[in-house]
Structure formats: C-alpha cells, structure tokens
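Look at the fold before anything else. Then turn to the pocket and the aromatic rings.

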Amino acid sequence: MKPQSAKAKGRILQKWLQEKLLENFPKLSDRDVRSTPMGTQGEDVQLSEEAFKVFPFYVEAKSREKIAVYSFYEQSKTDHDVLLIIKENRKRPLAVLDAELFIKIIKELNAIKENCKEGK
C-alpha cells in the first residue's frame, strides 16, 4: 500500500471517531473535537477541555490492513459484547472493546453523572 493511501485510511478512522463523538455528545461542537492532520505530534483526535470532561481519553487511531488482535477478538464467537484483555511481556495489559460500544458506555456514564449533579 502506498504511504498516501495508508494515511488516507488513518484520516478516515479519525474522522469517523470525530463524527461519533459529536453525534453522541450533543453539547460538543467541531471546535471541541478535532481530527488532527497526519504527522502531527500528539493525539490523533484532539479534545477541548470541555470534550475531555465527557470523554476523558487521549485518542490514538491506527487503521491497518492486518492487526493480529482481531483474530483474538473473533475467537470468542459470541452474540454478546466482547472485552478482550491482551498483554505482551513487560507491557501493561490493554483492554480492547468494540468502539461503538465503548462510546455508548461513556455516554451512559456521563448521563449518570449529570443525573447525580441534578439530584435525580
């Protein structure tokens, strides 16, 4: 794959996440969630302070033709949501979760926080 095509795949993934965050967190605007240009230092999707309050994660997006983690993820062969925990030697364990499910969970947590603030 040409480097230009690879970068385009990465941009598409970043834009997808930006759109999903804006769709699921209506208080946020394009100024709060920005997809950064390829080659820029730092996170791939930049969040404003307000956006970070509702989605407290630094985002690194990688779109590759083959990532071995998918074979582990698909081994579960279930109709239920899957959480995959992976670990390499001398590395911290990582949690892998379907991205849309992850956004849904964060959205629900934020709704709970809002209800608690309002005393509901």
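The protein chain has four helices and four strands. Both kinds of element are DSSP runs: helices are H or I with at least four residues, strands are E with at least two, and numbering starts at the N terminus. Along the sequence the pattern reads α-β-β-α-α-β-β-α. This is a predicted model, where local features need pLDDT of at least 70, side-chain atom pairs count only at pLDDT 80 or more, and totals for chains, interfaces and linings use all residues. Residues are numbered from 1 along each chain as its sequence is written, and side-chain values use heavy atoms, with hydrogens and water left out.

The C-alpha trace spans about 50 × 35 × 30 Å along its principal axes. Of the 120 residues, 24% count as buried. Buried means under 20% relative accessible area, exposed means over 50%, and partly exposed lies in between (1.4 Å probe, protein chains only).

**The pocket**

The largest pocket holds about 1400 Å³ of space. A pocket is an open set of points on a 1 Å grid over the protein atoms alone, where a 1.4 Å probe fits and protein lies on both sides within 12 Å along at least five of seven lines. Lining residues have an atom within 4 Å of a point. The lining has 32 residues, and the closest to the pocket centre are Glu-60, Tyr-70, Ala-95, Val-96 and Leu-97. Helix H1 (3-24), helix H3 (69-74), strand E4 (94-97) and helix H4 (99-117) each give two or more residues to this lining.

**The aromatic rings**

How many aromatic pairs does the structure hold? It holds five. Rings of Phe, Tyr and Trp (its six-membered ring) pair if their centres lie within 6.5 Å; planes under 30 degrees apart count as stacked, over 60 as edge-to-face and the rest as tilted. Two of the pairs are set out here.

| Pair | Centre to centre | Angle between planes | Kind |
|---|---|---|---|
| Phe-52 and Tyr-58 | 5.2 Å | 45° | tilted |
| Phe-55 and Phe-102 | 5.8 Å | 80° | edge-to-face |

Why does the pair of Phe-55 and Phe-102 tie together parts that are 47 residues apart in sequence? Phe-55 lies in the loop between helix H2 (49-54) and H3, whereas Phe-102 lies in helix H4, so the pair links those parts. Phe-55 is buried, at 3% relative accessible area. Phe-102 is partly exposed, at 26%.

Key: Grid points are joined across faces, edges and corners, and a volume is the space filled by probe spheres set on the points.
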